[in-house]
Amino acid sequence: MSSNENIRLAYRNIKRNTGSKTAGTDNLTIKDICYLSVEDVINTVQTMFKSYKPQMVRRVFIDKGNGKLRPLGIPTIWDRIFQQCILQVLGPICEAKFHKHSYGFRPNRSTHHAKARFEFLINQAGLHHCVDVAKKGFFDNVDHIWMMEFLKLRIADHNILRIIGKFLKGGYMEEGKKYKTHNGTPQGGVISPVLANVYLHYALDLWFEKKVKKQCKGQAYVVRYADDFVCCFQYQSEAQEFFQSLKFRLKKFNLEIAEDKTKIIPFGRFAEKYEKQKGNSKPATFDFLGFTHYCGKSKQGKFRMKRKSSRKKVQGKLKESKEWLKKNRNKDIHMIMDRFRRSLIGYYNYYCITDNTQNVSNFKDKIENLLFKWLNRRSQRKSFTWDKFRLFLDKYPLPSPRIKVNIYDLRKEINYIL
């Protein structure tokens, strides 16, 4: 782990990471140590390994888009290099054992792969009931004792285990005050994603594969991306049994689900018929990885699961854009339009997926409406009419949406991965 090549590679990866421009509790960024030669960095890290003690992370909060805030822990730049060194050793060891239908923060896998797998299971595998699980603060409730026990199953090096243990208990600083951590793994750390995968691999994935599936007479599958997962069953009774078992299973590992928000949803080709028998007009929908999944039909009139942008995510993004415009409407127009061009390109890269282009077009229209409203507040003398605003958009055009991700092409990638 402390070899010259491993540290050199870690330093190179941290320098490429845009997050390294943000300072931790020591107020240092990657720019502040760039004056050091690579050999100096290697020697510094190797020296620190002998009696290493990580510093507290700096806690900040970001908007989740639903009115709630997500805490992020920003490590110091030296801690990031240490974590990257461990990740480069730990990652390949754990990757070989992770469940094949776990897609979060793993090589050559993405949220789109998880959605494609889920789409295949519903459309092709004859699954009719989904357990939509709402969790309570996974990253804040990870049990350190269980985490270290899980890591010992894969790692024999006591030095690596010792350093990871120190990272977990390193504490955080918020508004100048220091706090100890007895549970959880801070989001924002380089090593946090792989630790989350290790924890849920043993707490959820293996249990589902080795015990739940074997007890089911029908088909049963789980699709997981980090701490977001959905479980699909052929029979309703087995979905109900799993729901009850899941509560006790997660509780054992200090995790908890929101029972009032977790529900079993009839979903699939027979969902519409089932709901009509109950007197409901249409099948229920549910959100997974930023998309609302619903029962639709193909051009041939056959059942096909479809997806659209989650209303919560759309409203959150529009609110963020409105607040930014409100504060920055008087800045240079080139800067404003460049910001929205880049923002829309990022939005398209995620949400321009099969079935969702119309919803993304509607989102673009709403962004244009926001621009029209707030740019008109720059000056009462030089306000836009809609005709003038259209001419303005011809001069400063916003990108138009088009499909970036074909869900059916991703099926081939998934088969290759598996």
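Contact here means heavy atoms within 4.5 Å, and buried means under 20% relative accessible area, exposed over 50% and partly exposed in between (1.4 Å probe, protein chains only). This is a predicted model, in which local features need pLDDT of at least 70 and side-chain atom pairs count only at pLDDT 80 or more, while totals for chains, interfaces and linings use all residues. Residues are numbered from 1 along each chain as its sequence is written, and side-chain values use heavy atoms, with hydrogens and water left out.

**View 1. Helix α13 and what covers it.** Helices (H or I, at least four residues) and strands (E, at least two) are DSSP runs, numbered from the N terminus. The buried residues of α13 are Val-360, Phe-363, Lys-364, Ile-367, Glu-368, Leu-370, Leu-371, Phe-372, Trp-374 and Leu-375. Their cover includes β11 (303-309), α11, α12 and α14 (386-395). The expected span of a helix is 1.5 Å times one less than its number of residues. For the 19 residues of α13 that gives 27 Å, which agrees with the 27 Å between its end C-alpha atoms.

View 2. On a 1 Å grid over the protein atoms alone, a cavity is a set of points where a 1.4 Å probe fits but cannot get out; a pocket is an open set with protein on both sides within 12 Å along at least five of seven lines, and lining residues have an atom within 4 Å of a point. Grid points are joined across faces, edges and corners, and a volume is the space filled by probe spheres set on the points. The second largest cavity has a volume of about 30 Å³. Look for Lys-317, Ser-321, Phe-340, Ser-343, Leu-344, Phe-363 and Ile-367 in its lining. At least two lining residues come from each of α11 (311-328), α12 (333-351) and α13 (357-375), and α12 has the largest share, three residues.

**View 3. The largest cavity.** The structure holds two cavities of 30 Å³ or more, and the largest contains about 60 Å³ of space. Lining this largest cavity are Lys-135, Lys-136, Phe-138, Leu-200, Phe-229, Leu-250, Leu-255 and Glu-256. Ala, Val, Leu, Ile, Met, Phe, Trp, Tyr, Cys and Pro count as nonpolar, Asp, Glu, Lys and Arg as charged, and the others, Gly among them, as polar. On that basis the lining has five nonpolar, no polar and three charged residues.

**View 4. The second largest pocket.** Its volume is about 550 Å³. Of the 26 residues that line this pocket, Asn-17, Leu-87, Gly-189, Val-190 and Pro-193 lie nearest its centre. α1 (4-16), β2 (69-74), α3 (77-95) and α8 (192-215) each supply at least two lining residues, with α3 giving the most, six. The lining divides into 12 nonpolar, 11 polar and three charged residues.

**View 5. The largest nonpolar core.** A nonpolar core is a set of buried Ala, Val, Leu, Ile, Met, Phe, Trp, Tyr and Cys residues joined through side-chain atoms within 4.5 Å. Among the 65 residues of the largest one, Ile-81, Leu-90, Leu-151, Ile-164, Phe-233 and Phe-242 touch the most other members. α8 gives the most to this core, with 12 residues. Leaving out residues up to four places away in sequence, Ile-81 touches Ala-10, Tyr-11, Ile-14, Ile-33, Val-41 and Val-45.

**View 6. The loop residue Asn-108.** You will find Asn-108 in the loop between α3 and α4 (111-124). Asn-108 is exposed, with a relative accessible area of 66%. Its C-alpha atom is separated by 9.2 Å from that of Glu-413, 305 residues apart along the chain.
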